[in-house]
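The exercises below ask you to read a fold step by step, from its overall make-up down to single residues. Please keep the sequence and the model side by side while you work through each solution.

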Amino acid sequence: MSDEATARDHVNSLERGLGVMEILAEHSGGLTLTETAEKAGLTRAGARRFLLTLVATGYATQTGRQFALSPRLLSVARTWLQGKSLWAFAEPFMRDTAAALQESCSATVLSGDDVVYVARVAGPRIINLELQVGSHLPAYCTAMGRVLLSGQKPAEVKALLARAVLAPRTDKTVTDPTRVAEMVAAARREGYAIVDEELEIGLRSIAVPLRDRSGALVAAINVSTQSARHSVAEMKRDFLPLLKQTAARIEDFFVQ
């Protein structure tokens, strides 16, 4: 569509009305007509028309001189959210992280003794391990797996490690159940896990948890890199803060 056609189809009044809604959303205690007009850059008459229209359509309430958004907007948002997968919302944040770090970013959930990939944004560089949504990997030797296990009680972790086949994937894979349990406990205590070439030689990964509104650990996200590109210390320094920030942004959707 040309710029001219776009301009012709642009509804300025709708844009200003949405701006008024955004301003009210930032002030849950409500605003007066004068305050709304000042913040929106409107005349009092213009602001009054928008506010009274929002009240008439049920998107705002008026109590005395105060105008505030009503719960109807939340109902509309919930209806829209119900038709979307959480991971459809998470992927843009993961994409930002992958682009910023120039590495892959993935999300998994725990399924039995494995982690299952529920979202993945590939990095610009090739990593030997081919992964996609639906792929399974063992939990005991992956960063996301140890983070996911850290959300379970120690007795549950011990039982899982007792029944799982802890096979060496590389010569660096930790296969002793006691040591793996200690690493899971460290992930629980520190809020992240790093796996250094235990899954594949040349592959390092750092992961953090994702929690729901109750605080329960329900998923994990990670960033993977090649060992030749980043040391473990660099991953802690450069990757971990951004990964935690990404997790916090995704968690916002768990509490809708």
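A residue is called buried when its relative accessible area is under 20%, exposed when it is over 50%, and partly exposed in between, with a 1.4 Å probe and protein chains only. The model is predicted, so that local features need pLDDT of at least 70 and side-chain atom pairs count only at pLDDT 80 or more, whereas totals for chains, interfaces and linings use all residues. Residues are numbered from 1 along each chain as its sequence is written, and side-chain values use heavy atoms, with hydrogens and water left out.

**Exercise 1. Describe the overall make-up of the protein.**

Step one is to list the elements, where helices (H or I, at least four residues) and strands (E, at least two) are DSSP runs numbered from the N terminus. The protein has ten helices and eight strands.

Step two concerns the surface: the protein exposes about 13,800 Å², of which carbon and sulfur atoms supply 52%, with areas taken from the Shrake-Rupley method with a 1.4 Å probe and, for residues, only the protein chains shown counting as cover. Of the 256 residues, 42% are buried.

Step three turns to contacts, meaning heavy atoms within 4.5 Å. Among contacts between residues at least 6 apart in sequence, 57% join residues at least 24 apart.

**Exercise 2. Work out the order of the strands in the sheet and find its edges.**

Begin with the pairing rule, by which two strands pair if DSSP finds at least two bridges between them. In general, strands of a sheet pair through backbone hydrogen bonds, either parallel or antiparallel.

Next, follow the partners: six strands form an open sheet in the order S5-S4-S3-S8-S7-S6, with antiparallel pairing. Strand S5 (136-138) and strand S6 (193-196) each have a single partner strand, and therefore stand at the edges with one side left without a neighbour in the sheet. Neighbouring strands of this sheet are turned by 30 degrees against each other on average, direction ignored.

**Exercise 3. Is Thr108 buried or exposed, and which residues does Thr108 touch?**

Start by placing Thr108, which is found in strand S3 (residues 104-111). S3 is joined by seven bridges to strand S4 (residues 114-121), and the two run antiparallel, with Leu110 paired to Val115 in S4.

Then read the accessibility: Thr108 counts as buried because its relative accessibility is 0%. Not counting residues up to four places away in sequence, Thr108 touches Val115, Val116, Tyr117, Val118, Met144, Leu148, Ala219 and Ala220.

**Exercise 4. Characterise the packing of helix H8 against helix H9.**

The geometry comes first: the axes of helix H8 (residues 154-163) and helix H9 (residues 177-190) come within 10 Å and cross at roughly 145 degrees. These axes are lines fitted to C-alpha atoms, for helices over the stretch in contact, and angles run from 0 to 180 degrees between N-to-C directions.

The residues come next, as Pro154, Val157 and Leu161 in H8 meet Pro177, Val180, Ala181, Val184 and Arg188 in H9. By class, this contact has seven nonpolar, no polar and one charged residues.

Finally, look at Leu161 in helix H8, which counts as buried because its relative accessibility is 3%. Leu161 touches Tyr140, Leu166, Pro177, Val180 and Ala181, not counting residues up to four places away in sequence. The C-alpha atoms of Leu161 and Asp176 are separated by 9.1 Å, with the two residues 15 apart along the chain.

Notes: Nonpolar A, V, L, I, M, F, W, Y, C, P; charged D, E, K, R; others polar.
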